[in-house]
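Here are my notes on this one, as numbered points. Have the structure open while you read.

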Amino acid sequence: MALLEIKNLSVHYNNYLALDNINLEVNKNDYIGIIGPNGSGKTTLLKSIIGDITPDKGKIMIDPNVIIGYVPQFSTFNRDFPITVFDVILSGTLPSDYKLFYRYKQNDRNKVIFAIDKLKINYLANKRINQLSGGQLQKVLLARALVTNPDILLLDEPTASLDTDAKEEIYNILTTLNKEMTIIMVSHDIGMIKHNVKKFACLNKTMHVHDNDETIDPWHFQNLFYTKGK
Ligand SMILES: Nc1ncnc2c1ncn2[C@@H]1O[C@H](COP(=O)(O)OP(=O)(O)OP(=O)(O)O)[C@@H](O)[C@H]1O
């Protein structure tokens with residue numbers, strides 16, 4: 001059985017159609033890159049998968065044993081908030097139904113230590129988030145998603161506004177993580193997608209999925225698709 005299956009999904013914001021009849025099957029160890037221009041529905045699709053948006057039509061079926069980790073766009077993150085890296089990552093252990101004054105357990109802290117070790121960011125643990133570079137903050141948000149030990153990792157533009165070295169470092173980390181988990185990543189960065197993912201999907205309200213083999217050029221597909229989709 002697929003870990004996640006999307007069937008005929010459509011989403012409107014009031015009268016605006018953001019996603020139109022999306023179909024996608026996601027299996028163990030898939031690494032899927034979703035590319036599309038601004039406003040094509042990439043974030044809407046990820047938010048539908050994590051249940052933040054209720055679809056008007058269609059279904060998203062998730063294997064009940066599957067845990068999903070979500071790494072939001074880091075531009076949406078308030079970097080001026082006075083909080084340490086350790087506490088940001090610890091917040092990833094909060095249960096969805098947590099109450100005010102929730103007390104973390106030692107086990108929660110152990111999960112943070114595990115994620116910090118995994119991403120080799122021990123040296124950042126006591127820093128405040130406003131002291132981090134973009135690439136460091138991205139790794140912290142990744143560690144925050146890893147504390148739940150997810151089966152599927154969803155990432156929204158994980159390399160946006162990073163320099164080439166930082167981008168490469170994030171992609172290397174994702175390739176390593178993909179050995180043990182499924183990855184779905186949204187990005188504008190077609191070149192990086194081409195070199196890293198196993199499948200790519202072109203999204204512009206509707207979506208087409210392709211295997212990423214040597215002969216396929218995502219630029220070609222994206223252009224074809226956008227021309228046809230208009
Ligand atoms: N809460 C909302 N209310 C109304 N319209 C929205 C809302 N959120 C998104 N939209 C619209 O839905 C469309 C898809 O938005 P979405 O954020 O999913 O696109 P995206 O591909 O992630 O864009 P970007 O690459 O700029 O992040 C856009 O036209 C956007 O303006």
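1. A term first: I call a residue buried if 20 or more other C-beta atoms lie within 10 Å of its own, exposed if 12 or fewer, and partly exposed in between, with C-beta atoms placed from the backbone. Keep in mind that this is a predicted model, where local features need pLDDT of at least 70, side-chain atom pairs count only at pLDDT 80 or more, and totals for chains, interfaces and linings use all residues. Numbering starts from 1 along each chain as its sequence is written.

2. Start with strand β3, residues 31-35. Helices (H or I, at least four residues) and strands (E, at least two) are DSSP runs, numbered from the N terminus. Five of the five residues of β3 are buried, so the strand is largely enclosed by the rest of the structure. In a regular strand, side chains alternate between the two faces of the sheet. Here both faces are covered, with Y31, G33 and I35 buried on one side and I32 and I34 on the other.

3. What flanks β3? Two strands pair if DSSP finds at least two bridges between them. β3 pairs with β7 (residues 182-187) in the parallel sense over five bridges, and I35 has S187 as its bridge partner there. Four bridges join β3 to β8 (residues 199-204), also parallel, with G33 opposite F200.

4. The ligand is surrounded by Y13, Y16, A18, G36, N38, G39, S40, G41, K42, T43 and T44, counting a residue as near if its C-beta atom, placed from the backbone, lies within 6 Å. The largest share of this shell, three residues, comes from α1; β2 (16-26) and α1 (42-49) each supply at least two.

5. Last, the β1 pairings. Strand β1 (residues 4-13) runs antiparallel to β2 over seven bridges, and V11 stands opposite L19. Their hairpin has two residues between the strands, and N14 takes a positive phi near 50°. β1 is also joined to β4 (residues 57-62), antiparallel, by five bridges, with E5 partnered by M61.
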